[in-house]
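Hello,

Here is the structure I promised to pass on. Please open it, then read the notes below alongside it.

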Amino acid sequence: MLTCREFADFIMAYLDGDLPEAQREAFQEHIGICPPCVHYLDSYKETIRLGCLCRDGEGPPPEDAPEALVEAILAARRKG
Ligand SMILES: [Zn+2]
């Protein structure tokens with residue numbers, strides 16, 4: 001069973017489509033039992049979408065994004 005912390009760690013790989021089958025199943029299972037993580041995933045997707053809009057520039061992340069999501073954007077930029 002995935003913890004919420006692990007869930008958060010897997011989100012990026014999940015959205016990139018490179019999460020191993022077993023972990024993807026655990027991830028989706030967690031979605032089914034943990035509404036807060038579903039909300040987090042939705043927020044994350046939205047932030048990624050916003051992040052993509054300014055990814056090519058040097059602009060700051062959206063000002064109203066939670067700090068964890070800002071970190072995610074910055075991580076995505078480093079990765080990409
Ligand atoms: Zn959770």
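**What I found**

From the N terminus on, the elements of the chain run α-α-α-α. In total, that is four helices and zero strands. Please remember that this is a predicted model.

First, confidence. The average pLDDT of the chain is 84. A score of at least 70 is reached by 82% of the residues. Among the elements, α2 has the highest mean pLDDT, at 95. Helix α4, residues 67-79, has the lowest, at 79. Where pLDDT is low, the predicted coordinates should not be read in detail.

Next, the chain as a whole. It has 80 residues, and buried ones make up 11% of them. Now take the contacts between residues at least 6 apart in sequence. Of these, 49% join residues at least 24 apart.

Now look at α2, which covers residues 21-33. Its 13 residues reach 19 Å from the first C-alpha to the last. That is close to the 18 Å expected at 1.5 Å a residue. How many of the 13 residues of α2 are buried? The count is zero, and α2 is hardly covered.

How do α1 and α2 meet? Two packed helices are described by the angle between their axes and the distance between the axes. Helix α1 spans residues 4-16. The axes of α1 and α2 come within 11 Å and cross at roughly 120 degrees. That makes α1 oblique to α2. The crossing is left-handed. On the α1 side, the contact is made by Phe7, Phe10 and Tyr14. On the α2 side, Gln23, Arg24, Phe27 and His30 take part.

Finally, find leucine 15 in helix α1. Is leucine 15 buried or partly exposed? Leucine 15 has 14 C-beta neighbours inside 10 Å, so it counts as partly exposed. Leave aside its neighbours within four places in sequence, and leucine 15 is in contact with Lys45 and Ile48.

Lysine 45 sits in helix α3, residues 35-53. Lysine 45 and leucine 15 are 30 residues apart in sequence. In space, their C-alpha atoms are 8.1 Å apart. Lysine 45 counts as exposed because it has 12 C-beta neighbours inside 10 Å. Leucine 15 and tyrosine 44 are 29 residues apart along the chain, and 9.7 Å separates their C-alpha atoms.

Best wishes

Conventions: Residues numbered from 1 in each chain as written. Predicted model: local features only at pLDDT ≥ 70, side-chain atom pairs only at ≥ 80, totals over all residues. Helix = DSSP H or I, 4+ residues; strand = E, 2+ residues; numbered from the N terminus. Buried ≥ 20, exposed ≤ 12 C-beta atoms within 10 Å, placed from the backbone. Contact = placed C-beta atoms within 7 Å. Expected span 1.5 Å × (residues − 1). pLDDT = per-residue confidence, 0-100. Axes fitted to C-alpha atoms, helices over the stretch in contact; angles between N-to-C directions. Parallel < 35°, antiparallel > 145°, perpendicular 65-115°, else oblique. Left-handed = near helix turned anticlockwise from the far one by under 90°.
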